[in-house]
Amino acid sequence: MDLRRFITFKTIVEEGSFAQAARKLCCTQSTVTFQIQQLEQELSYPVFEKVGRRMVLTPAGKLLLPKVRELTRVLEGIREISASEEEIAGDLRIMVGETLLAYKMPEVLRLFRIKAPKVRLSLQSVNCYSIRDSLLADNTDLGVFYRVGHDDALHMEYFGQQELVLVASPQLEDVDFTRAEQHIPVSFIINEPQCIFRQIFESSLRERKITLENTIELWSIESIKRCVASNLGVSFLPYFSVMRELESGELNALPFSSNPPTITALCAYHADRTVSPAMKIFIDCMRECLGESAT
């Protein structure tokens, strides 16, 4: 079998169309079409079918995709084999939770760039559930996020329990989130509903039968902190992300629980994935910057 046909197949899936794949592979669309026709002839089953105006994977194509991804990873690993004095190259796709990317990862990324300058690094900031789903679907190489659920299909390395804290402007007084069955006339400023610390906070409020005035959804943690500092509401965030503002007095920590809730920071990849040299270096950089992990 011609390996180029499998690479073409994978590129079509990643790029979303035959035309986009042709641009990525620097060839004509007719060449891409011919490669897929030859692949289907070799396999004796179709891998794409037309639905409306779109080409989508057939059931057999969906089963083939993870095997082709593993095949291309093996090929990339073969290409990366080099003499010890040569540098590691290739692509590395990483998804990171926003607070971790903004406050924990800069030093990791700086060190990784020093150790693997030829690696093409692709970073995407999304919520923890999306990261986990992408890892399970084998659509990204590494995920750096907070643990959500228990997935035996993922290899996880842990980087500490992160404490959560309820923050408000110093001007906000006489509010008690520890007292049950009350309405507190303040806004909760946070990001999307799938945010893990938002879910923990809202679950605690439901248990205590506490209601708030409303919820203001913002994507940026920095924007959330600015709004809280301007006395527009309260937020519930990892301590490390508001430590500077708490120390300067710009924000104030409000009592919320006798035992502060925590979330687990981790780095994970699909358990069936072959760990590439670039992946290994990145995980080593995380250990060096954030502390030794435990599997």
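With which residue does Arg-244 form a salt bridge, and how far apart are the closest N and O atoms? Arg-244 pairs with Glu-245, the closest N and O atoms being 2.8 Å apart. A salt bridge here is a side-chain nitrogen of Lys or Arg within 4 Å of a carboxyl oxygen of Asp or Glu.

The model is predicted: local features need pLDDT of at least 70, side-chain atom pairs count only at pLDDT 80 or more, and totals for chains, interfaces and linings use all residues. Residues are numbered from 1 along each chain as its sequence is written, and side-chain values use heavy atoms, with hydrogens and water left out.

Across the whole structure, 20 salt bridges are found.

| Pair | N to O distance |
|---|---|
| Asp-91 and Arg-120 | 2.6 Å |
| Asp-141 and Arg-273 | 2.9 Å |
| Arg-244 and Glu-245 | 2.8 Å |

Accessibility is classed by relative accessible area: buried is under 20%, exposed over 50%, and partly exposed in between (1.4 Å probe, protein chains only). Arg-244 is exposed at 54%, whereas Glu-245 is buried at 1%. Both residues belong to a network of salt bridges that also includes Glu-222, Lys-225, Arg-226 and Glu-250. Asp-91 is partly exposed at 38%, and Arg-120 is exposed at 52%. Asp-141 and Arg-273 are both buried.

Helices (H or I, at least four residues) and strands (E, at least two) are DSSP runs, numbered from the N terminus. Asp-91 lies in strand 3 and Arg-120 in strand 4 (residues 118-125), 29 residues apart. The buried residues of helix 7 (residues 128-136) include Cys-128, Tyr-129 and Ile-131. Just after helix 7, Asp-138 takes a positive phi of about 60 degrees.
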